[in-house]
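Open the model in your viewer and keep the selection tool at hand. The stops below say what to select and what is there.

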Amino acid sequence: MTITLENISKTFNNFKALDNINLNFEDGKLTALLGPSGSGKTTLLRIVAGLELPDQKENSKILFNGINVTDNAVGKRQVGFVFQHYALFRHLSVFENVAFGLKVKKSIDRPSKQEIHDQVFELLRMVQLDTMAHRLPSQLSGGQRQRVALARALAIKPKVLLLDEPFGSLDAKVRAELRRWLRKLHDDLHITSIFVTHDQEEALEVSDKIIVMNQGCIEQVGTPNEVFHKPATEFVMQFLGDVNVFHGRIDENQAIYSGNLNYINNISENPNVKLLVRPHDFDVLLKVENEKNVFTAKAHRILTAGAFVKIEFIDKLNRLILVHLSHDNYRKTPVNHGDEVFLCPREHQLYKNKEKKVKEQDNRFVKRPKKRTLIKNFIFKYLKKS
Amino acid sequence: MRSKELKRGLQPPLIVNIIISTVSIIFLALFLVLPLVVVFGEAFRQGVSVWWGSIAEEESLSALRLTLFVAAIAVPLNLFFGIAASWALAKFDFWGRNLIITLIDLPFAISPIISGLIFILLFGINGWIGPWLIKHNIQIIFAVPGIVLATIFVTFPFVARELIPLMTEQGSEEEQAALTLGANGWQTFLRITLPNIKWGLLYGVILCNARAMGEFGAVSVVSGHIRGETNTLPLQAEILYNEYNFTAAFAVASLLAFLALVTLALKFFVEWKSNKLETV
Amino acid sequence: MNLKFKKYSVLPGFGLTLGYTLFYLGFIVLLPLAALIIRGSELGWSGFWQVISDPRVLASYKLTFGTALAAAIINTFFGLIVAWFLTRTHFPGKRFIDSIVDLPFALPTAVSGIALTAVYAPTGWIGKPLMDAGIKVAFTPIGITIAMIFIGLPFVVRTVQPALEELELELEEVAISLGASQWTTLVKVILPMILPSLITGFALSFARAIGEYGSVVFIAGNMPMRTEISSLLIITKLEQYDFLGATAIALGMLIMSFLLLFVVNLLQSWSSSRLKGV
């Protein structure tokens with residue numbers, strides 16, 4: 001099922017959580033909504049589910065397979081929703097939790113007892129919990145609870161599966177395992193799925209498509225490859241891993257950076273720019289023939305324990321530069337503490353220096369609370385619920 | 001090697017602990033336990049048969065019947081109200097929510113005598129509705145309806161104030177989950193909310209019932225003390241006491257004290273049950 | 001402004017339950033209270049003042065608020081000790097003692113009233129030895145205070161106890177590791193942390209004592225000007241069919257207790273906001 005969102009906004013009191021979102025989720029794909037906390041990703045997911053209403057606007061619409069479901073109640077949308085903290089029914093056994101969606105159906109649609117039993121056990125086998133059907137949620141581990149929540153959501157044969165931070169409250173190892181398992185499950189079932197995460201690694205690893213969100217807006221939509229290698233905005237670049245930032249000015253169609261970095265570029269209207277380079281996109285050279293596009297820096301700290309070598313350099317302007325080298329390359333150019341070497345960015349991204357960004361952030365608060373007198377404040381807080 | 005468990009936090013010297021424990025136990029014994037012991041001691045001073053004789057008197061029995069009758073009306077009404085109020089106030093966020101919660105607590109802040117007085121001002125001879133009631137030959141004050149109303153008023157907050165914090169703390173995620181699975185409002189309430197709050201509900205009902213059966217001040221104002229008609233058990237104990245019929249007064253009081261002990265035991269049981277559920 | 005009356009929720013039944021809540025609240029609580037206020041206002045300011053400033057009424061106010069204050073202070077002190085005893089010491093049968101604290105909640109006030117009188121009357125179990133020592137308890141303000149201590153103690157214990165339980169032991173360990181003595185840790189670290197709940201407990205026990213009738217009236221002796229509490233005076237006025245007088249005394253009590261509660265509430269939110277930094 002495809003899901004289309006048109007002109008969706010959401011305002012909480014004076015806070016703009018979502019700012020005119022237009023999106024299309026493709027049929028059968030696993031899409032990640034990626035962003036920092038407060039970016040509006042969970043709100044968006046809840047709006048798709050019908051757990052939250054978008055701001056009432058004439059042109060705002062939610063379409064499932066082209067059919068407008070904006071006014072459909074949550075129970076009628078047939079979505080499977082997996083809550084961040086699972087929201088398992090704590091007084092019901094694993095079996096009863098999964099069976100719930102089937103048992104509350106109207107008597108005409110309700111499967112027979114035997115059918116419910118069979119369907120639930122089929123699901124429990126799928127999530128590898130058939131031996132724990134009689135346990136209460138409190139007797140399960142975090143990963144097992146997560147799987148019960150998933151089985152419960154799948155029991156109503158949803159047209160779309162929505163997961164809110166599905167691995168958020170699990171420890172690292174279980175998380176990695178469940179991640180692979182979820183991907184495999186999706187490959188088997190091919191149900192249109194959307195999941196919310198703030199972990200870029202998780203999004204890059206699991207999803208077919210990533211939607212990067214920030215401050216209620218969409219920064220970029222693309223495959224994991226596109227988002228990682230061709231970040232559309234500075235935010236996306238910064239959010240998807242470590243970056244080194246170089247501030248510079250454009251002079252006669254050339255960007256000139258401190259040190260000897262010169263790049264041709266075709267931005268002319270704004271002289272202030274930023275050059276972003278990922279740590280693994282540097283070449284470390286012991287000597288160069290021509291000092292173009294390289295700059296010198298001194299090795300300050302070298303960490304060799306790990307999958308790659310991490311080196312912290314300090315350049316002449318006292319900036320800290322992070323460089324990641326493969327062990328192979330490190331062997332070719334062995335750098336010791338205190339050595340002065342040449343750094344050459346292989347790849348970079350150039351962004352206009354947007355000062356607007358800061359202002360936008362402030363604009364999200366339409367009106368700031370005024371200073372009030374002690375008593376007024378007291379009464380206000382009292383009435384409004386803290 | 002024997003491992004000694006390291007105690008955490010402040011470790012006052014032993015002597016301080018002993019002083020604190022002694023003071024606490026003496027204070028509790030003197031102020032709380034002794035009066036309870038006295039009630040039973042005085043009630044059975046002249047033997048069980050005298051005690052039974054005082055209870056089995058027609059006036060005492062009718063007081064017992066009235067007490068049970070009043071509780072049987074007041075408790076279910078306040079239970080129903082408590083559930084409705086906690087649903088509206090705990091599951092939803094709206095303007096003025098805190099104000100309503102404070103208003104629900106009002107009867108706790110008001111002296112029982114004033115709680116009785118307000119019904120006299122409303123339904124008494126000189127009250128707002130009094131003349132109309134007289135004309136239609138309806139008696140509320142100095143009759144059972146007044147006692148019921150006053151009891152409802154003083155026991156009004158018990159269930160609600162137990163459930164509101166509980167349901168607020170539990171949040172509404174489980175209910176939302178039930179709705180995404182296709183359950184309707186009633187199914188969600190009966191199958192999800194009610195099982196989650198049952199111990200808190202029982203707790204509130206126990207406290208509400210104890211107060212309903214034991215209320216003295218408010219009922220005393222509206223009852224009129226008509227023997228065999230508008231006397232509840234606490235009022236009966238008062239009358240007997242004021243007539244210097246101490247043994248009978250304490251016999252009636254021992255019934256109420258027994259009710260208090262049952263209440264405490266039930267409370268203990270419910271706390272133990274709900275703690276057990278939480279810690280598993 | 002985009003302020004809405006209610007935040008959206010998918011859960012049904014808001015209108016129905018809130019409507020019923022408001023109806024029941026209005027009928028059972030607000031309507032009768034409105035009667036009190038409106039009937040009271042019929043007196044007018046001067047009439048109200050006339051009733052209130054009657055020496056007998058003033059004496060009853062002084063007695064009620066004075067003994068209630070004394071009882072609340074004693075309860076705050078001993079309540080803190082009992083709460084500490086229940087949270088910080090471990091011994092068999094602790095849960096049993098813990099539930100005894102609730103006895104005054106569960107025991108009907110009339111029963112506690114006649115029981116306390118039997119204990120503290122000049123012929124009673126404790127009253128006799130005290131009488132021999134020259135201290136008369138029952139039928140004096142001391143007796144009234146004792147009844148108010150009985151009724152108010154659980155309020156202090158039950159508000160301070162959770163605060164003590166939730167206190168992080170790390171805080172005390174940090175204080176001690178920094179070289180503070182046990183006493184300094186108690187006074188400078190623990191007490192300020194539980195101050196808000198201590199204030200709340202004080203206020204609750206104070207308020208309860210002001211309004212208490214059943215457990216006080218038997219032990220009080222009820223001598224006009226000397227041991228007559230305001231609640232009893234209201235009843236006396238009612239028995240004389242002086243409804244307006246009773247209403248005025250009741251209003252005076254209500255106004256004073258609400259003012260007190262409001263001040264304590266402010267104090268309490270000030271001391272807890274200092275801790276939470278809100």
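Select H5(B) and helix H12 (residues 230–239) of chain C; in this predicted model their axes come within 10 Å and cross at roughly 25°. Angles under 35 degrees count as roughly parallel, so H5(B) is roughly parallel to H12(C). The crossing of H5(B) and H12(C) is left-handed.

Now show the side chains at this crossing. Which residues of H5(B) meet H12(C)? They are B:Ile113, B:Leu117 and B:Ile120, and on H12(C) they meet C:Ser231, C:Ile234, C:Ile235 and C:Leu238. Sorted by class, the contact of H5(B) with H12(C) has six nonpolar residues, one polar and no charged.

From H5(B), the contact uses B:Leu117, B:Ile118, B:Phe119, B:Leu121 and B:Leu122. From H1(C), the partners are C:Pro32, C:Leu33, C:Ala35, C:Leu36 and C:Arg39. Nine residues of this contact between H5(B) and H1(C) are nonpolar, none is polar and one is charged.

Chain B puts in 74 residues and chain C 73 residues. On the side of chain B that touches chain C, helix H1 (residues 14–43) of chain B gives the most, with 16 residues. By class, that side of chain B has 55 nonpolar, 12 polar and seven charged residues.

Next, colour the nonpolar cores. The largest has 159 residues. Which residues have the most contacts inside the largest nonpolar core? They are B:Leu117, B:Ala237, B:Ala253, C:Val111, C:Ile114 and C:Ala250. Helix H3 (residues 58–90) of chain B gives the most to this core, with 14 residues. Centre on B:Ala253: leaving out residues up to four places away in sequence, B:Ala253 touches B:Val39, B:Ala43, B:Ala237, C:Val111 and C:Ile114. A second, separate core has 93 residues, including A:Val160, A:Leu275, A:Phe295 and A:Val323.

Turn to where chain B meets chain A. Here 21 residues of chain B are in contact with 23 residues of chain A. On chain B, the elements that give two or more residues to this side are helix H4 (97–109), helix H9 (173–180) and helix H10 (185–214). H9(B) has the largest share, seven residues. The side of chain B that touches chain A divides into 10 nonpolar, seven polar and four charged residues.

The last stop is in chain A. Select A:Ser39, in the loop between strand S3 (30–34) and helix H1 (41–49) of chain A. Is A:Ser39 buried or exposed? A residue is buried if 20 or more other C-beta atoms lie within 10 Å of its own; A:Ser39 has 25 such neighbours and so counts as buried. Leaving aside neighbours within four places in sequence, A:Ser39 is in contact with A:Met213, A:Asn214 and A:Gln215.

Conventions
Residues numbered from 1 in each chain as written. Chains lettered and ligands numbered in written order. Predicted model: local features only at pLDDT ≥ 70, side-chain atom pairs only at ≥ 80, totals over all residues. Contact = placed C-beta atoms within 7 Å. Helix = DSSP H or I, 4+ residues; strand = E, 2+ residues; numbered from the N terminus. Nonpolar A, V, L, I, M, F, W, Y, C, P; charged D, E, K, R; others polar. Buried ≥ 20, exposed ≤ 12 C-beta atoms within 10 Å, placed from the backbone. Axes fitted to C-alpha atoms, helices over the stretch in contact; angles between N-to-C directions. Parallel < 35°, antiparallel > 145°, perpendicular 65-115°, else oblique. Left-handed = near helix turned anticlockwise from the far one by under 90°. Core = buried A, V, L, I, M, F, W, Y, C linked by C-beta atoms within 7 Å.
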